[in-house]
Amino acid sequence: MNPPVVAVYPGTFDPMTLGHEDVVRRATQLFDQVIVAVAAGHHKKTLFSLEQRLEMVRESVKAYPQVQVESFSGLLRDFVVSKGGKAMVRGLRAVTDFDYEFQLAGMNRSLMPDVETVFLTPSDGFQFVSSTFVREIALLGGEVHKFVSPFVLEKLAEKVRERA
């Protein structure tokens, strides 16, 4: 019997959007195990703490028993290799994402020749959704309920209240 095929879906997930959830759902149809790897985000200023992002991601993927949620810091390569990852999942929304992701995939292939990068596109309704847009809209008092789960919406509302 072959060992399970493990895929890693890395990101900051600040916050987790319905587009991210859609990519996770699609990945579960392709791989035996999916690890959503939440980056500590040392290179990015995040709205939510690592613990808050982990909580939001765990809540968002709880319907998928083959999905684990873990944090990582440092080189993604080290995390993927330590988990026995055979694939790295990346979401592509538009052509503008492709250029960056293509370069990243090439670099990752150089660092991890045995790990394939798999690009998944979200459903049509989520192709324009990004965490950055969701954060900005929410912090400016706009409606984001169409882009995030009710749990994440509640956490965004708390952040807006804290900053008011």
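**Chat about the sheet and its helices**

Reader: Let's begin with helices H5 and H6. How do their axes sit?

Author: This is a predicted model. In it, helix H5 (residues 131-139) and helix H6 (residues 150-163) have axes that come within 9 Å and cross at roughly 50°.

Reader: Why quote just those two values?

Author: Because two packed helices are described by the angle between their axes and the distance between the axes.

Reader: OK, so is H5 oblique or roughly perpendicular to H6, going by that angle?

Author: At roughly 50°, H5 is oblique to H6, because roughly perpendicular would need 65 to 115 degrees.

Reader: And is the crossing left-handed or right-handed?

Author: Right-handed, as H5 passes H6.

Reader: Which residues meet there?

Author: From H5 you have Val134, Ala138 and Leu139, and they meet Leu156, Val160 and Arg163 of H6. The contact of H5 with H6 divides into five nonpolar residues, one charged and no polar.

Reader: Switching to the sheet. What's the strand order?

Author: The order is S3-S2-S1-S4-S5, an open sheet of five strands with parallel pairing.

Reader: Which strands stand at the edges?

Author: Strand S3 (67-72) and strand S5 (116-120). Each has a single partner strand, so one side of each is left without a neighbour in the sheet.

Reader: How much are neighbouring strands turned against each other?

Author: By 30° on average, with direction ignored.

Reader: Tell me about S4. How many bridges join it to S5?

Author: Five bridges join strand S4 (residues 87-91) to S5, and the two run parallel. Among the facing residues, alanine 87 stands opposite glutamate 116 of S5, and valine 89 is opposite valine 118.

Reader: What about S4 and S1, how many bridges there?

Author: Two, again in the parallel sense, between S4 and strand S1 (residues 6-11). Valine 8 has methionine 88 in S4 as its bridge partner.

Reader: Is S4 mostly covered or mostly open?

Author: Mostly covered, with four of its five residues buried.

Reader: Last one, which strands does helix H2 lie across?

Author: Helix H2 (residues 50-61) lies across strand S2 (33-39) and S3. Against S3, helix H2 runs at about 170°.

Notes: Residues numbered from 1 in each chain as written. Predicted model: local features only at pLDDT ≥ 70, side-chain atom pairs only at ≥ 80, totals over all residues. Heavy atoms only, no water. Pairing = 2+ DSSP bridges. Axes fitted to C-alpha atoms, helices over the stretch in contact; angles between N-to-C directions. Contact = heavy atoms within 4.5 Å. Parallel < 35°, antiparallel > 145°, perpendicular 65-115°, else oblique. Left-handed = near helix turned anticlockwise from the far one by under 90°. Nonpolar A, V, L, I, M, F, W, Y, C, P; charged D, E, K, R; others polar. Buried < 20%, exposed > 50% of the residue type's maximum accessible area, 1.4 Å probe, protein only.
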